[in-house]
Amino acid sequence: MIIIKTLEEIEKMKKAGEILAKTHLELRKFIHPGVSTAEIDQVAENFIRSHGAIPAQIGYKDYPYATCTSVNDEICHGFPLKEIILKEGDLVTVDMVVLLDGYMADSAWSYGVGQVSKEVADLMAATKKSLYLGIEQARVGNRIGDIGHAIQSYVEPLGYSVVRDFIGHGIGKDMHEDPQVPHYGRPGRGPRIMEGMVFTIEPMINTGAWMSKLDSNGWTARTVDGSLSCQYEHTLAVTADGPIILTDQSLWSEDDSDA
């Protein structure tokens, strides 16, 4: 069942989204060659808690960390560990959920570590653009399938693939609600988009095949062929005037060139 949010609920989620966006801005300054993904996780958790919020991923289905930190061929749900040291040219995605006053916001962002290759830079640019193309379709009267079609029809002609195994989702008091939001598919299909819906769009785009495989930890998903994977994610609310991004970093950044 899709839960329509009130303006008051959306405002609460926006406040959670503000803390989440500011956390990513902190990480943007912190991530560099030589840091471990465990250190990234600690910075994020400390920042979230210092602003009166809760890192909601801790304890979700026994997940033990505040963030997911996925490096290079890891698609999502990478464990932040002290032995994973970022090196020059790596691609790392940090995904987290913030809980504030009973409501959640969810956002993932990808970071190039130091100077990255053209392959990494191009993948990051295409993935980010596909996210905003999907968000543009989140309008009253459209259908969920229009979002995935906009993403897929943009990235595939560039030679990339869209991960099918992990998709966007509704969010509110619970981390995962209806509707499910695939990042691929046919236009004009799926639930009708209505005012008051709040959900994530979070395309995971690969340089190789779209299929994934799971690590022995039962969480971390990787590309089957070792190719690079990139993800950007926002939480958004649907209004009569169009989508509002609740995790918009540019609202809080003096330099929004990467937000």
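Trainee: Which element gives the most to the lining of the largest pocket, and with how many residues?

Mentor: Keep in mind throughout that this is a predicted model. A lining is read by asking which elements supply its residues, and here β8 gives the most to the lining of the largest pocket, with three residues. Strands β4 (91-100) and β8 (177-181) each supply at least two residues of that lining.

Trainee: How much space lies in the largest pocket, and which residues are the closest to its centre?

Mentor: The largest pocket holds about 500 Å³ of space. Its lining comprises 24 residues, of which Tyr 60, His 77, Ile 167, His 169 and His 176 are the closest to the centre. Sorted by class, the lining has ten nonpolar, six polar and eight charged residues.

Trainee: What is the volume of the second largest pocket, and which element gives the most to its lining?

Mentor: The second largest pocket has a volume of about 160 Å³. It is lined by 13 residues, and those closest to its centre are Thr 6, Leu 7, Ile 10, Thr 239 and Ile 244. Two or more lining residues come from each of α1 (7-30) and β14 (234-239), with α1 giving the most, namely four residues. By class, this lining has six nonpolar, three polar and four charged residues.

Trainee: Which strand pairs with β4 over ten bridges?

Mentor: That strand is β5 (residues 103-112), which pairs with β4 in the antiparallel sense over ten bridges. Val 98, for example, has Ala 105 as its bridge partner in β5. The two strands form a hairpin with two residues between them, and Asp 101 in the turn has a positive phi of about 50°. Strand β4 is also joined to β2 by five bridges in an antiparallel arrangement, where Thr 69 has Val 94 as its partner in β4. Strand β1 (residues 54-55) is joined to β4 by two bridges, again antiparallel, and the partner of Pro 55 in β4 is Val 98.

Trainee: In what order do the strands of the open three-stranded sheet lie?

Mentor: The order is β6-β10-β13, with antiparallel pairing. Two bridges join β6 to β10, and Ser 161 has Asn 206 as its bridge partner in β10. Helix α3 lies across β10 and β13, and runs at about 40° to β13.

Trainee: How many residues of helix α4 are buried, and what covers them?

Mentor: A general point about helices is that an α-helix has 3.6 residues a turn, so residues three or four places apart point the same way. In α4 (residues 144-155), nine of the twelve residues are buried, among them Ile 144, Ile 147 and Ile 151. The cover includes α3 (118-136), β6 (161-162), β8, β9 (198-201) and β10 (204-206).

Trainee: Why does Asp 73 count as buried, and why does Glu 119 count as partly exposed?

Mentor: Asp 73 counts as buried because its relative accessible area is 19%, and the cut-off for buried is under 20%. This residue is found in the loop between β2 (67-71) and β3 (74-76), and, leaving aside neighbours within four places in sequence, Asp 73 is in contact with Ala 221, Arg 222, Thr 223, Gly 226 and Ser 227. Glu 119, in helix α3, counts as partly exposed because its relative accessibility is 46%. Not counting residues up to four places away in sequence, Glu 119 touches Thr 207 and Leu 228. The C-alpha atoms of Glu 119 and Leu 228 are separated by 9.0 Å, although the two residues are 109 residues apart along the chain.

Conventions
Residues numbered from 1 in each chain as written. Predicted model: local features only at pLDDT ≥ 70, side-chain atom pairs only at ≥ 80, totals over all residues. Heavy atoms only, no water. 1 Å grid on protein atoms, 1.4 Å probe; cavity = no way out; pocket = protein on both sides within 12 Å on 5 of 7 lines; lining within 4 Å. Points joined across faces, edges and corners; volume = space filled by probe spheres on them. Nonpolar A, V, L, I, M, F, W, Y, C, P; charged D, E, K, R; others polar. Buried < 20%, exposed > 50% of the residue type's maximum accessible area, 1.4 Å probe, protein only. Contact = heavy atoms within 4.5 Å. Pairing = 2+ DSSP bridges. Axes fitted to C-alpha atoms, helices over the stretch in contact; angles between N-to-C directions.
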